[in-house]
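The model is a predicted one.

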Amino acid sequence: MKKWILTLLAVPALLVGCGDKKEPASPAALEEPQMLEVEILTSKEVAINAPIELAAHVTQGDKNIDDAIVEFEVWESGKRDEGQMLEGKLEKDGVYKAQTTFDHDGVYYMFAHTTANGIHNMPKQQITAGTPDMTKVIQEDEKANMSMPNQGTDSSEGTEQQENEKNHH
């Protein structure tokens, strides 16, 4: 009988000793990750039939990021489906570069698709090559050009559609 009582007392004591102790989170773990900043360094006006340096400086906080994946997507206005992806190579101090050439006057666009530390940023820049006839340039539809869905924005259309879907279910 004494063994049973001793066992009944010992088992709960052992279980309490094995309980989860929650360590307080370190201040670094509580901070939100800093935004990945991508500054496009490419000139907005370039010559035709000459090498063009596509360049972007990648930082997070005050640190240069030397392990990012950078891809430059380049296309002529109105012809995004004919665009090309060029791999950005790290030059130094968070600066990534690639080269291309525009063989005729036109308005071109470039996304600097950048991923580092689990964050993706893709700034866009217009590049004018030579002296294009602006009356013949096909204007870009900004909404149609985003390759990723625009999540987290407050869109009244989306909210209205969501409300309608709720009401129908």
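**Strand S3 and its surroundings**

Strand S8 (residues 95–101) and S3 run antiparallel and are joined by 7 bridges. Within this pairing, Pro51 faces Thr101 of S8.

Other pairings of S3

- Strand S1 (residues 36–40) also pairs with S3 in the antiparallel sense, over 5 bridges.
- Ala56 in S3 stands opposite Ile40.
- A further antiparallel pairing, over 2 bridges, links S3 to strand S4 (residues 63–64).
- Gln60 has Lys63 in S4 as its bridge partner.

The S3–S4 hairpin

- S3 and S4 form a hairpin, with 2 residues between the two strands.
- Gly61 lies in the turn and has a positive phi of about 65°.

Nonpolar cores

- The largest nonpolar core holds 24 residues.
- The residues with the most contacts inside this core are Leu54, Val58, Ala68, Phe72, Phe102, Met110 and Ile127.
- At least two residues of this core come from each of S1, S3, strand S5 (69–76), S8, strand S9 (106–116) and strand S11 (124–129).
- Another core, of 6 residues, lies apart from the largest one; Val107, Tyr109, Met122 and Val137 are among its members.
- In soluble globular proteins, nonpolar side chains tend to be buried together.

Technical notes. Residues are numbered from 1 along each chain as its sequence is written. This is a predicted model: local features need pLDDT of at least 70, side-chain atom pairs count only at pLDDT 80 or more; totals for chains, interfaces and linings use all residues. Side-chain values use heavy atoms; hydrogens and water are left out. Two strands pair if DSSP finds at least two bridges between them. Helices (H or I, at least four residues) and strands (E, at least two) are DSSP runs, numbered from the N terminus. A nonpolar core is a set of buried Ala, Val, Leu, Ile, Met, Phe, Trp, Tyr and Cys residues joined through side-chain atoms within 4.5 Å. Buried means under 20% relative accessible area, exposed over 50%, partly exposed in between (1.4 Å probe, protein chains only).
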